[in-house]
Amino acid sequence: MGKSVNDAGGYVVEVLGSKAGGPVAKADLDAWIKTYKVPVTALIDTPAGSGTKTLTFFGIRETCVIVDVHTMKIVKKVNGSVAGIGDSSIKQLIPQILTLLGK
Amino acid sequence: MKRFLFTALFAVACSSSSESSTASGDDSAATGDTAAIDDSSTVDDSTTPDDTSSPLDSMIAEVLGDAPMDVGFGPYPPAPYGNKVGDVMANLQWEGYVNDLADAISNTKPYVASTSMDELRKKASKGYALVHVSEFY
């Protein structure tokens, strides 16, 4: 899914914000990418294992936002289900960013 | 690197432009390349290349290709930051796998020890990026 956004001139950033609520190590990122075959830019807070700044900033996991990269203002936001019910937040926002990108 | 190349090419362009201006202001210098801009010369406008097809433009296009430039990206917007629609997202700092083309599983890409929202936003050539926060158990 993410490739369609990058191909359209957008950019997808996946952040593994926490592991069971705590900081994430590089090995966790590797395991997560391998498990879900993540095909887009996949990151953790730096330095690895030191905290959960991204999760703290957004307040809750399974959060997805579309940002205008010039103003960095959040133009769309979806909080998905942390119980895994229904479409993920990223799946919900991909059609919307593709529309913004003229697709 | 791109900025350096662009600056160098811009300097060449300015230099060429300056030479042409000097030559055009000196009617006696109608030799070599300056002959074509001598007032007494007959110039066929239909064969004069316009600005979009100059050798300099060709050089720039060849060097830069289709690569996106940082045009339009000023400094990262200042605080206050927030996480609601309409708020400015913070310039978060990360490490991990940068996969610009999204063309393979990301851990096949080199591990980057430091990147940020500011760096990554410049890769969204059409102005929008999507940021997703996940958790792993």
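**View 1. Salt bridges in the predicted model, with the pair Arg61(A) and Glu135(B).** A search of the whole structure, which is a predicted model, finds nine salt bridges over all chains, a salt bridge being a side-chain nitrogen of Lys or Arg within 4 Å of a carboxyl oxygen of Asp or Glu. One of them is formed by Arg61(A) and Glu135(B), whose closest N and O atoms are 2.5 Å apart. Because Arg61(A) lies in the loop between α3 (53-58) and β3 (63-68) of chain A and Glu135(B) in strand β3 of chain B, the pair joins two chains. Helices (H or I, at least four residues) and strands (E, at least two) are DSSP runs, numbered from the N terminus. Across the interface of chain B and chain A, the rule finds one salt bridge.

**View 2. The interface of chain B and chain A.** Here 52 residues of chain B are in contact with 68 residues of chain A, where contact means heavy atoms within 4.5 Å. The two chains bury about 5,300 Å² between them, 61% of it on carbon and sulfur atoms; buried area is the accessible area (1.4 Å probe) that two parts lose on being put together, summed over both. In chain B, Tyr128(B), Leu130(B) and Phe136(B) lose the most area to chain A, together 17% of what that side buries.

**View 3. Polar contacts and the elements of chain B that touch chain A.** Across this interface the rule finds 45 residue pairs in polar contact, both residues at pLDDT 80 or more. A polar contact is a pair of N or O atoms within 3.5 Å; within protein, one must be able to donate a hydrogen and the other to accept it, and residues adjacent in sequence count only if both atoms are side-chain atoms. On the side of chain B that touches chain A, β1 (93-97), β2 (111-116), α3 (117-121) and β3 (128-136) of chain B each supply at least two residues, and the largest share, nine residues, comes from β3(B).

View 4. The structure holds four aromatic pairs over all chains; rings of Phe, Tyr and Trp (its six-membered ring) pair if their centres lie within 6.5 Å, and planes under 30 degrees apart count as stacked, over 60 as edge-to-face and the rest as tilted. Among them, Tyr36(A) and Phe136(B) form an edge-to-face pair, 6.4 Å centre to centre with 80° between the planes.

View 5. In chain B, a cis peptide bond joins Ala79(B) and Pro80(B), with omega about 10°.

**Conventions.** Residues are numbered from 1 along each chain as its sequence is written, and chains are lettered from A in the order in which they are written. Local features need pLDDT of at least 70, side-chain atom pairs count only at pLDDT 80 or more, totals for chains, interfaces and linings use all residues, and side-chain values use heavy atoms, with hydrogens and water left out.
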